[in-house]
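The following note sets out several points for a colleague examining this structure. Each point may be checked against the coordinates.

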Amino acid sequence: MWWSRVLPISWVLVLVQLLTSEAVPISKDRTKIKEPEVRIEDAPANVDTGLHYDRYLREVIDFLEKDEHFREKLHNTDMEDIKQGKLAKELDFVSHHVRTKLDELKRQEVNRLRTLIKARHDLEGGNDIAVDHQALLKQFEYLNHMNPHTFEVDDLDRLIKSATNDLENFDKERHEEFKRYEMMKEHDRREHLKTLDEDERKREEEHYDELRKKHADHPKVNHPGSQNQLKEVWEDTDGLDPEDFDPKTFFNLHDTNGDGFFDEQELESLFTKELEKLYDPTNEEDDMVEMEEERLRMREHVMNEVDSNKDRLVSLDEFMTATNKKEFLEPDSWETLEQNQAYTDEELREFEDHLVRQEQELHQKTAELQKQRDELDKQQEQLNAQKVELQQAVDHMERLRAEKQEPPAEVHVEGNAIPESHAADNQQQHYQEALIQEPQPVAQVHQDAYQDQNQQVGEQTHHNLPPGDHERPQIENHLP
């Protein structure tokens, strides 16, 4: 990687991570392994910078470094120009194919962010509220959300600056996260003790002290990056005589990708032997989260001591310069995590106070939700009671209707039987039909209805007369 010296902190770190191969396994003898020539296109695709936009960042870099013009400008641009955005302006001169692919990558990233925004919006219960994507996209400063379709110079400039800032703050944020982890672990231990009786609590505290003593009982840990520490790797990992230790040879053996630099992963692989003295995953007293923190502390320490230009890489020149310092030959003892507690007593008190406030707020919200639930249950009971009353009213109406539809007693007039209710119903229906006819006067309607009724009775009587009486004259009835 002949151009990596000129990259800014973030750009260097990302590119080196993309182009490095796997760390050296501890069990291999590096003197018997022939180093393959590493090509850019053979870079692993699964290196993660830890940024939430890591995939987008890596894909943009992958395509930019394929453009010959951009790679040439990258070689001839110094660090300050890159920070000032001069390299980003070279985007206007990359090939059409690369620009088209960058446009596609940006559209995919914007769609991903919109999906995340919508998912979070739904989780917060805002399904019925429209989402203002443009307003919410402002929080993602590594791209220009006002132009979601094409990848422009401003997008590259934003990406470089955001990655630089985020990666520079990575160690600080990691320290704070580990501190919270340690304080929570201690808080949980104390809360557990409160649940025990006096005898159980005494046994638990004795067991805890015993575990701490066992963890502290380990071989001496060499100062990271010191001559003693590197010689141990030289002897145990490389299988070489410690009397023949040569810093330059050591550097070339552990520069796994042969680019002339130690990146952070290559440095961290050098500390495995020291960590094995402190941690064993099969031991109850050893916390693997603390082991990883110890590894990162060692890497951070060496970078601060050796990386003179702060590009998050250790060049051969920087390494050779460090081997001539007194700290390399006669280092101070290394303070491990158990000797260097991550938090103070005051920080732990503040943390526990914060947990108490959170718990109180949670209880308050729980009480409010319970109250709302009780009110809803009460309303549901009222609705159920109304439903029962309504059902009872419906059942009563059904019974009344059923009683009205029962067969009535029959009226016997000599001859055929005519149901009394049926005759009355026919009479009432005929009367109602007569009322709505127009334009007859009301009196006439009454008269016609009365005549029809008498006629029907007369016909029925006539039908039932004995023989010989049929020729009798019928008497017409008239209303006065």
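1. A residue is called buried here when its relative accessible area is under 20%. The model is predicted, and in helix α6 the residues that are buried are Val-98, Arg-99, Leu-102, Asp-103, Leu-105, Lys-106, Glu-109, Val-110, Leu-113, Ile-117 and His-121. Helix α6 runs over residues 96-123, 28 residues in total, and its first and last C-alpha atoms lie 41 Å apart, close to the expected 40 Å at 1.5 Å a residue.

2. Lys-101 is partly exposed at 23% relative accessibility, and Glu-104 is partly exposed at 31%.

3. Helix α9 (residues 170-194) and helix α10 (residues 198-216) have axes that come within 10 Å and cross at roughly 150°. The pair is therefore roughly antiparallel. On the α9 side the contact involves Glu-186, Arg-189, His-192 and Leu-193, and on the α10 side Arg-201, Glu-204, Glu-205 and Tyr-208. By class, these residues comprise 5 charged, 2 nonpolar and 1 polar.

4. Within helix α9, Glu-182 and Lys-185 form a salt bridge at 3.6 Å, N to O; being 3 residues apart, they are separated by about one helical turn. Glu-182 is buried, at 14% relative accessibility, whereas Lys-185 is partly exposed at 36%.

5. Lys-185 forms a salt bridge with Asp-287 as well, the closest N and O atoms being 3.0 Å apart. Because Lys-185 lies in α9 and Asp-287 in the loop between α14 and α15, the pair ties together parts 102 residues apart in sequence. Asp-287 is buried, with a relative accessible area of 14%. A network of salt bridges links Glu-182, Lys-185, Asp-287 and Glu-290, and the search of the whole structure finds 29 salt bridges.

6. Asp-280 is placed in the loop between α14 (272-278) and α15 (288-306). Its relative accessible area is 29%, so Asp-280 is partly exposed. Setting aside residues up to four places away in sequence, Asp-280 touches Asp-286 and Met-288. The C-alpha atoms of Asp-280 and Met-291 are separated by 9.1 Å, the two residues being 11 apart along the chain.

7. His-301 belongs to helix α15 and counts as buried, at 18% relative accessibility. Apart from neighbours within four places in sequence, His-301 is in contact with His-223, Pro-224 and Trp-334.

Definitions and conventions. Residues numbered from 1 in each chain as written. Predicted model: local features only at pLDDT ≥ 70, side-chain atom pairs only at ≥ 80, totals over all residues. Heavy atoms only, no water. Axes fitted to C-alpha atoms, helices over the stretch in contact; angles between N-to-C directions. Helix = DSSP H or I, 4+ residues; strand = E, 2+ residues; numbered from the N terminus. Parallel < 35°, antiparallel > 145°, perpendicular 65-115°, else oblique. Contact = heavy atoms within 4.5 Å. Nonpolar A, V, L, I, M, F, W, Y, C, P; charged D, E, K, R; others polar. Expected span 1.5 Å × (residues − 1). Buried < 20%, exposed > 50% of the residue type's maximum accessible area, 1.4 Å probe, protein only. Salt bridge = Lys/Arg side-chain N within 4 Å of Asp/Glu carboxyl O.
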